Amino acid sequence: MTRYIDVNDLTQLVSHKGLTACLAEMAECIREDYLRWHEFDKCARLANHSKEGVIELMPVSDTSLYAFKYVNGHPKNTLNGMLTVMAFGALADVDTGKPVLLSEMTLTTAIRTAATSALAARYMARPGSRSMALIGNGSQSEFQAVAFHTMLDINEIRLFDIDPKATRKLAKNLESFPALKIVISTSVAEAVRGADIVTTVTADKAYATILTPEMIEPGMHLNAVGGDCPGKTELHREIVGRSRVIVEFEPQSRIEGEIQQMPSDSPVIEFWRVVNGQEAGRKHADEVTLFDSVGFALEDYSALRYVLAVALACNIGREIELVPELENPKDLYARLITAKTEVHKRRA
């Protein structure tokens with residue numbers, strides 16, 4: 001049987017553990033798996049682009065588990081009352097190919113993205129960083145704010161979005177964290193000025209310039225999350241060129257990240273090298289660091305194995321027959337006959 005986790009189950013899981021615990025524990029799972037970087041069979045995600053968005057598959061595996069995630073990105077969906085990003089994923093046993101988990105991943109991806117951002121900032125931001133500008137106040141913003149507040153002790157967050165309703169929504173949702181000072185800004189420049197960390201989580205599928213060179217101050221850490229597909233960026237290329245750039249998986253980031261604006265030989269460092277201590281996340285206090293985050297399948301693997309472990313420990317979700325369970329594994333046809341007989345019995 002396969003463990004099945006839907007949105008209601010994932011909500012129950014987070015309610016049981018607490019969001020802050022989920023963020024911290026998932027970040028630790030991600031760190032552990034980056035330490036095992038060479039044990040994974042990796043590739044850039046497979047993307048099908050359309051005029052309005054993109055649909056992607058993100059596979060990765062080690063010798064024990066195979067993971068994949070289906071995820072879309074359609075910025076105009078909100079105009080029709082739909083989420084910009086929706087996802088589901090699965091884990092399977094490598095030795096047999098049998099699926100062991102089928103799970104929602106829209107909420108899970110929001111948690112793992114924020115957990116990854118905060119984990120990277122631990123290595124890259126200046127020690128003692130306490131303020132962050134959060135540019136883009138949509139669905140991902142609360143998760144980023146909570147992760148940085150609880151995992152890095154960020155106590156002031158400056159908010160800006162071109163949609164004031166999104167900013168008011170975010171400010172309202174963060175009221176449950178009374179130790180977090182919320183400042184609503186009137187422009188990107190105002191929000192960024194003097195911030196230790198700048199996180200961009202905008203959704204437009206365009207070569208956008210959310211941050212310009214004159215906004216960047218010595219020692220800032222930039223957490224660029226929104227630029228995650230070809231033709232979609234948030235930072236002026238001059239900023240990228242003068243920053244210490246950390247990426248998740250270079251072959252994918254060259255296509256999708258901020259570094260798609262740069263020459264193919266522009267210097268970057270893969271995050272696993274930082275986690276393993278082979279490279280420093282930051283060399284000195286005045287250095288501008290950039291985590292060019294596009295989201296990588298290894299992080300989904302970590303998130304899925306975390307969800308499965310908690311679900312089994314807390315008896316959350318249910319077992320489903322996603323693939324046939326047979327008395328005779330060579331007689332698949334019998335499964336249909338059995339099902340047909342059961343239908344006739346119920347109708348009688």
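Asn-315 is located in the loop that joins α10 and β17, where helices (H or I, at least four residues) and strands (E, at least two) are DSSP runs numbered from the N terminus. The structure is a predicted model in which local features require pLDDT of at least 70 and side-chain atom pairs count only at pLDDT 80 or more, while totals for chains, interfaces and linings use all residues. Residues are numbered from 1 along each chain as its sequence is written, and side-chain values use heavy atoms, with hydrogens and water left out.

Phi of Asn-315 is near 55 degrees, a positive value in a residue other than glycine. Asn-315 counts as exposed because its relative accessibility is 60%; the classes are buried (under 20% relative accessible area), exposed (over 50%) and partly exposed (in between), with a 1.4 Å probe and protein chains only. A positive phi, of about 60 degrees, is also found at Asp-153, which is not a glycine. Asp-153 belongs to the loop between α4 (141-152) and β8 (156-160) and is partly exposed, at 48% relative accessibility.

The chain is divided into domain 1 (2-107 + 299-324) and domain 2 (113-295), with bounds taken from an automatic or database domain assignment. The contact between them takes 24 residues from domain 1 and 29 residues from domain 2, contact meaning heavy atoms within 4.5 Å. Taken over C-alpha atoms, the centres of domain 1 and domain 2 are separated by 23 Å. About 2200 Å² is buried between domain 1 and domain 2, and carbon and sulfur atoms give 69% of this area. Buried area here is the accessible area (1.4 Å probe) that two parts lose on being put together, summed over both. On the domain 1 side of the area buried between the domains, Leu-23, Tyr-34 and Arg-45 lose the most area to domain 2, together 25% of what that side buries.

Side chains of opposite charge can pair when their charged atoms come close. A salt bridge is defined as a side-chain nitrogen of Lys or Arg within 4 Å of a carboxyl oxygen of Asp or Glu, and by this rule the count comes to 24 salt bridges. Between domain 1 and domain 2 the count is one salt bridge. Arg-45 also pairs with Glu-256 in a salt bridge, with the closest N and O atoms 2.7 Å apart.

Asp-300 and Lys-69 form a salt bridge through their side chains, at 3.0 Å from N to O. This pair links distant parts of the chain, with Asp-300 in helix α10 (residues 297-314) and Lys-69 in strand β4, 231 residues apart. Asp-300 is buried, at 1% relative accessibility, and Lys-69 is likewise buried, with a relative accessible area of 2%. A salt bridge also joins Lys-98 to Glu-325, whose closest N and O atoms are 3.1 Å apart. Lys-98 lies in the loop between β5 and β6 (99-104) and Glu-325 in the loop between β17 (318-320) and α11 (333-347), so the pair ties together parts that are 227 residues apart in sequence. Lys-98 is partly exposed at 31% relative accessibility, and Glu-325 is partly exposed with a relative accessible area of 36%.

Within helix α8 (residues 250-256), Glu-250 and Arg-254 lie four residues apart, about one turn of the helix. The two residues form a salt bridge with their closest N and O atoms 2.9 Å apart. Glu-250 counts as partly exposed, at 26% relative accessibility, whereas Arg-254 counts as buried, at 18%.

Arg-112 lies in helix α3 (residues 106-124) and is buried, with a relative accessible area of 3%. Leaving aside neighbours within four places in sequence, the residues in contact with Arg-112 include Lys-69, Asp-300, Met-26, Ile-30 and Phe-296. The C-alpha atoms of Arg-112 and Asp-300 are separated by 7.3 Å, although the two residues are 188 residues apart along the chain.

On the surface, Met-82, Leu-83 and Met-86 form a nonpolar patch with about 250 Å² of accessible area together. Patches are made of residues with over 30% relative accessible area and no salt bridge, like charges being joined within 9 Å and nonpolar side chains (Val, Leu, Ile, Met, Phe, Trp, Tyr) within 5 Å. Accessible areas come from the Shrake-Rupley method with a 1.4 Å probe, and for residues only the protein chains shown count as cover. Leu-83 is situated in the loop between β4 (65-73) and β5 (87-93) and counts as partly exposed, at 41% relative accessibility.
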